[in-house]
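Look at the sequence and the model below before reading on. The paragraphs that follow go through the structure part by part.

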Amino acid sequence: MRRLASIALLLLALATGAAAAENYPSRPVRLVVPFPPGGSNDIVARMVAAQLGERMGQQFFIDNRGGAGGTIGTEISRSV
């Protein structure tokens with residue numbers, strides 16, 4: 001009896017966790033690229049964003065923050 005109750009609680013917890021995970025991400029996702037647009041980093045980031053958008057069903061957008069050897073974009077991504 002106790003084992004059956006434990007299994008039921010485990011299944012309930014798994015079902016609840018799966019339902020909560022379906023809503024992530026709940027808003028558009030910003031990908032910060034610490035280099036100016038048009039370079040190879042920008043092109044790869046846009047391809048990755050397109051694939052993630054299709055798989056996750058959410059909009060991904062690229063935020064290019066070039067300058068200072070990538071420091072500006074890195075600092076912005078840390079503060080988010």
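Which residues does Gln-58 touch, not counting residues up to four places away in sequence? They are Pro-25, Ser-26, Arg-27, Pro-28 and Gly-53, where a contact means heavy atoms within 4.5 Å. The model is predicted, so local features need pLDDT of at least 70 and side-chain atom pairs count only at pLDDT 80 or more, while totals for chains, interfaces and linings use all residues. Residues are numbered from 1 along each chain as its sequence is written, and side-chain values use heavy atoms, with hydrogens and water left out.

The protein has 3 helices and 2 strands, in the order α-β-α-β-α from the N terminus. Helices (H or I, at least four residues) and strands (E, at least two) are DSSP runs, numbered from the N terminus. Gln-58 belongs to the loop between α2 (40–56) and β2 (60–64). A polar atom of the Gln-58 side chain lies 3.0 Å from the backbone oxygen of Pro-25. Of the contacts in the protein with a separation of 6 or more, 67% are between residues 24 or more positions apart.

Of the 80 residues, 18% count as buried; buried means under 20% relative accessible area, exposed over 50%, and partly exposed in between (1.4 Å probe, protein chains only).

Next come the charged side chains. Side chains of opposite charge can pair when their charged atoms come close. A salt bridge is a side-chain nitrogen of Lys or Arg within 4 Å of a carboxyl oxygen of Asp or Glu, and by this rule there are 3 salt bridges. One of them joins Asp-63 and Arg-30, with the closest N and O atoms 3.0 Å apart. Asp-63 lies in strand β2 and Arg-30 in strand β1 (residues 29–33), so this pair ties together parts that are 33 residues apart in sequence. Asp-63 also forms a salt bridge with Arg-65, at 2.9 Å between the closest N and O atoms. Asp-63 counts as buried because its relative accessibility is 12%, whereas Arg-30 is partly exposed at 33%.

Another salt bridge joins the side chains of Asp-42 and Arg-46 (3.0 Å, N to O). Both residues lie in helix α2, 4 residues apart, about one turn of the helix. Asp-42 is buried at 5% relative accessibility, and Arg-46 is partly exposed at 43%.

Most residues other than glycine have a negative phi. Phi of Ala-68 is positive, near 60°, and Ala-68 is exposed because its relative accessible area is 58%.

Key
A polar contact is a pair of N or O atoms within 3.5 Å; within protein, one must be able to donate a hydrogen and the other to accept it, and residues adjacent in sequence count only if both atoms are side-chain atoms.
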